[in-house]
Amino acid sequence: MAESARRRWLLLAVVSAGLLLITLDNSILYAALPTLVEELGASSAQSLWIINAYPVVMAGLLLGSGTLGDRVGHRRMFLTGLAVFGVASLAAALSPTPEALIAARAFLAVGAAAMMPATLALIRVTFADERERNVAIAVWGSLAIVGSALGPIVSGLLLQSFWWGSVFLVNVPVVVVALVATLVLAPGGGADPGKHWDLVSSLLALVALVGLVFAIKETAKATPSPVAAGVALVAAAAGGWAFARRQRRLPDPLLDFAIFRNPAFLAGVLAAGFSMFAVAGLQLITTQRFQLVEGFTPLRAGVLVAAVALGALPTAVAGGATLHRIGLLPIVAGGLALSTVGTVLVLLHFDSSMPLLVTGLLVAGAGLGAAMSVASSAIMGNVPVRRAGMASSVEEVSYEFGSLVAVALLGSLLSAVYSATVRLPPGTPEEARDSLDAALAVAGESADGGALVAAASKAFDGAYGAVVLVVAGVLAVGTVATGVLLRRHGPGSALSGPASH
């Protein structure tokens, strides 16, 4: 019995290491982006796609990979994903151009998409006891936040001594160790060869997501193209409609929409998406602001946003450990409400008080940690075991969708508000209006660039405040939505609903 328990918790450590790699690569470029732009000569559009190629491709493939895991076995999917992730990390590190790096990031996403549903599905099938499983999922969920927060710190540390490719090479030794440990610890079997896997559905989902991201990026530009945005929206709508129609006709759909009828499951999905939107958004824009406006090093900016993870860790573990007594409603809706308060603190004090800014990040992290860890339990606890792969895929899509929408919408909104509000000194080249990076480059070549730096920094701070306000508003909407869905899941209520039987 003791040996069996030890293997369970060791397996949790291994799959959590895989998740850590996946989430680390979601955020590892946030602090490294200014360096990448300079070293590779990437444009602002290319820099956003260097970040976004990863979550877009991953989210598009996740539903299919979860169902494929149900068919071939989650252990095999995890091992395959690890191997692809390792090879893609090498390709990313050695990329000579922005286009090559974007392609390598998309390849990384293929490996991540194979791994990610398998991490949660392996936990679901390994931990039979509900309380043990809640704790295991809470640990898993907390590491998702830790990985996001560690990304900027790891990249900052590496960039102090090595070239930018080192932020990808760091994945390789972890992949090797995880491969060996998985072969030893992960249970075999669990494959259902009779389950149908539909590649067409995965491709349709990818078309819908790519179209949506293009539409968001184009709409949020300072000078959007109605034609380009319209074409992207049509592609997104057509892909989404064709995907939904195909699922209704398939005997084994990638996504059974009936699972969303369970309010606790739906609340968990929404909480995961809203939380990751806030985490990714706050990290991306805060690391950029403090490097470009305040002159922070990548490492110092990374340490600053790590306050989110520092606040999240204790509440994530405590949420999973006390869920059976407290219930879903106070932890999920209450966590999102607390994170809203923290985000408002950030909004009010980002340019005036470092202690209050850090306090805001800690409070936001505390709320998000609680909501994210328990969201996983709400999702996995409200589906039958045979739907474990599908449910874990839905959760991961929610995480990745929240992240990619944050980068696409908030990154584009930040640039658009800056471009629309910056007041350039007379005689300044118009290229300084494109971004703060461009303005700083122009100022560096000018004999008197101080006025330009001051004007550009002021406009960027205004844009930063507008974006943080959007994050706070989204969290407030998430608080209300999950509160309504979980109104019957207060203290002492059962975790599982009808969909879990």
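**Helix H11 and its two neighbours**

The crossing of H11 and H14 is left-handed, meaning that the near helix is turned anticlockwise from the far one by less than a right angle; clockwise would be right-handed. This is a predicted model, where local features need pLDDT of at least 70, side-chain atom pairs count only at pLDDT 80 or more, and totals for chains, interfaces and linings use all residues. Residues are numbered from 1 along each chain as its sequence is written, and side-chain values use heavy atoms, without hydrogens or water.

H14 covers residues 328-349, and its axis lies 11 Å from that of H11 at an angle of about 20 degrees. Axes are lines fitted to C-alpha atoms, for helices over the stretch in contact, and angles run from 0 to 180 degrees between N-to-C directions. H11 and H14 are therefore roughly parallel, the term for angles under 35 degrees, with over 145 being roughly antiparallel. Contact, that is heavy atoms within 4.5 Å, involves Ala264, Ala271, Ser275 and Leu282 of H11 and Leu328, Val332, Leu336 and Thr343 of H14.

Now the second partner. H11 (residues 263-292) packs with H15 (residues 354-380) at about 150 degrees, axes 8 Å apart, so the two are roughly antiparallel. Their crossing is also left-handed. On the H11 side the contact includes Ala264, Phe265 and Gly268, and on the H15 side Met354, Leu357 and Leu368.

For the whole protein, there are 18 helices and zero strands, taken as DSSP runs (H or I, at least four residues; E, at least two) numbered from the N terminus. Of 501 residues, 59% count as buried, with under 20% relative accessible area using a 1.4 Å probe and protein chains only.

Methods
Parallel < 35°, antiparallel > 145°, perpendicular 65-115°, else oblique. Buried < 20%, exposed > 50% of the residue type's maximum accessible area, 1.4 Å probe, protein only.
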